Amino acid sequence: MNYVSTRGSAPVLGFEEAMLTGLARDGGLYVPETWPTLSREEIAAFAGLSYEEVAFRVMRPFVGDAFTDDEFRGLIDRAYAGFRHVARCPMVQIGPNDWLLELFHGPTLAFKDVAMQLIGQLFEASLKKSARRVTIVGATSGDTGSAAIEAFAGREGVEIFILYPDGRVSEVQRRQMTTPDAANVHALAIAGDFDAAQARVKDMFNDHAFRDEVGLAGVNSINWARVLAQAVYYFTAAVSLGAPERKVSFTVPTGNFGDVFAGYVAKRMGLPIDRLVVATNRNDILYRTIAGGEHRKAGVQPTISPSMDIEVSSNFERLLFEIYDREGAAVAELMEELAGQGGFELSQGALARLRDEFDGARTSEEETRDTIRATREATGEVICPHTAVAVHAAAQTRGAPEVPMVVLATAHPAKFPDAVEAACGVRPALPPHMADLFDRPERITHVENDLAAIEALIRKTRA
Ligand SMILES: *Cc1c(COP(=O)(O)O)cnc(C)c1O
């Protein structure tokens, strides 16, 4: 399987190179050259299989000959061995035909673990074969950083540096990044906000001499392998509810559009998905795009669902590539307009195709809190604020009652204890493996918001 850039002018790469490269050299994102499909019979045969076996069958066509079947199976098994539920991504019923897909049973309690744990295995296996060393750098507003640190701690061939905005992540999130004691992980507290952290990471990738010197690699949500790993749970969930005989809909709490794009991938592969609902908090650029065809930045406002406080939704570019007939030049033009003028208008044809696949809904802060409380009262389930945004959105967009609606539950409520307690009066406890999180010693390195200083620190640390 070959991968092409959404902007049409970067080299075509195989699976491993696309994964290790992250961002394409023309600024675009890598996508498969064609969509492999699974037959109805192949999908029907998923019923009753383990999560790992379905993962193998869904991802195999994308990986090509990068790994042997045995190797790839072994990597998948190791990736999910640390999940604390045998089903890996189990479902819980919250209404007559409404379900939560719990994606937070991995080590850092957010769905980012599902992809990041696998990526940790894939990176290590690829690097071992080529005897290469890489330096992973990433910026985080909370969940990605801890998932990446947990996935790469102690892995051979990898040194990982995560920049987080000093004082602007929750205490649970910070401690998840600063308490792992593996020598190859480094949490850097940068003086500034998330945009500053993100900007310095981009600067490092654009400093080509530095990029080559340290073997820079990225695992943020533009990495294709992350999207791919997330397509798997759409299959396990839908098949458990009767697919492929029956259609199933999904509602996805959305920020960078990676998770909901994985649903689109599952659909292109042949999974009979009825609707994909993009749920946003009050940072609603994607909701507005689906409603009116105009994709325009309006400024990010903080919310109680902080992992969705984003307006440059990087994976949306992958969907643009699809709805513009895979014309890289057209996508490059739109992205230029977004950078230069703060937005763009979709063509009528592209908007129609967007609406063929996706619905949008927006949830206010008050509605988020009300939904946490109402869900607890009706079902006993305590949900995180991101999940609540989607539960509310699902209710707003609910179509035919006979089509099951699956809401992706993206984080454990104990990751956001203050917001959850304020909404429903229950303070969710951390699961047992993390109960001592607040007693573990922290390791923090403070850095200035300055490219040269950060690069010097990375050079010195990895030497
Ligand atoms: C990252 C994240 C999201 C948003 O997912 P995207 O793939 O960026 O759209 C939603 N909820 C939680 C808890 C997250 O950590």
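Let's start with Gln173, which is buried, with a relative accessible area of 2%. Buried here means under 20% relative accessible area, while exposed is over 50% and partly exposed is in between, using a 1.4 Å probe and counting protein chains only. Gln173 sits in helix H7, residues 171–178. Helices (H or I, at least four residues) and strands (E, at least two) are DSSP runs, numbered from the N terminus.

A word on what you're looking at: this is a predicted model, where local features need pLDDT of at least 70, side-chain atom pairs count only at pLDDT 80 or more, and totals for chains, interfaces and linings use all residues. Residues are numbered from 1 along each chain as its sequence is written, and side-chain values use heavy atoms, with hydrogens and water left out.

Back to Gln173. Its side chain and that of Asp143 are joined by a polar contact of 3.0 Å. A polar contact is a pair of N or O atoms within 3.5 Å; within protein, one must be able to donate a hydrogen and the other to accept it, and residues adjacent in sequence count only if both atoms are side-chain atoms.

Thr410 has a polar side-chain atom 2.9 Å from a nitrogen atom of the ligand, and a polar backbone atom of Phe257 lies 3.0 Å from a ligand oxygen. On its own the ligand has 390 Å² of accessible area, and the protein covers 96% of that. Those areas come from the Shrake-Rupley method with a 1.4 Å probe; for residues, only the protein chains shown count as cover.

Next, please find Thr140, in the loop between strand E5 (134–139) and helix H6 (143–152). Is Thr140 buried or exposed? Buried, with a relative accessible area of 2%. A polar atom of the Thr140 side chain lies 2.9 Å from the backbone nitrogen of Gly145.

Gln117, in helix H5 (residues 112–130), also has a story. Gln117 counts as buried because its relative accessibility is 10%. Gln117 and Ile76 are 41 residues apart along the chain, yet their C-alpha atoms are separated by 8.9 Å.

Now for two helices. In helix H10 (residues 224–240), 15 of the 17 residues are buried, so the rest of the structure largely encloses H10. After H10 comes Gly242, with a positive phi near 115°.

How many residues of helix H13 (residues 316–323) are buried? Eight of its eight residues, so to speak, the mostly covered case. Among the buried residues of H13 are Phe316, Glu317 and Arg318. Asp325 follows H13, and its phi is positive, near 55°.
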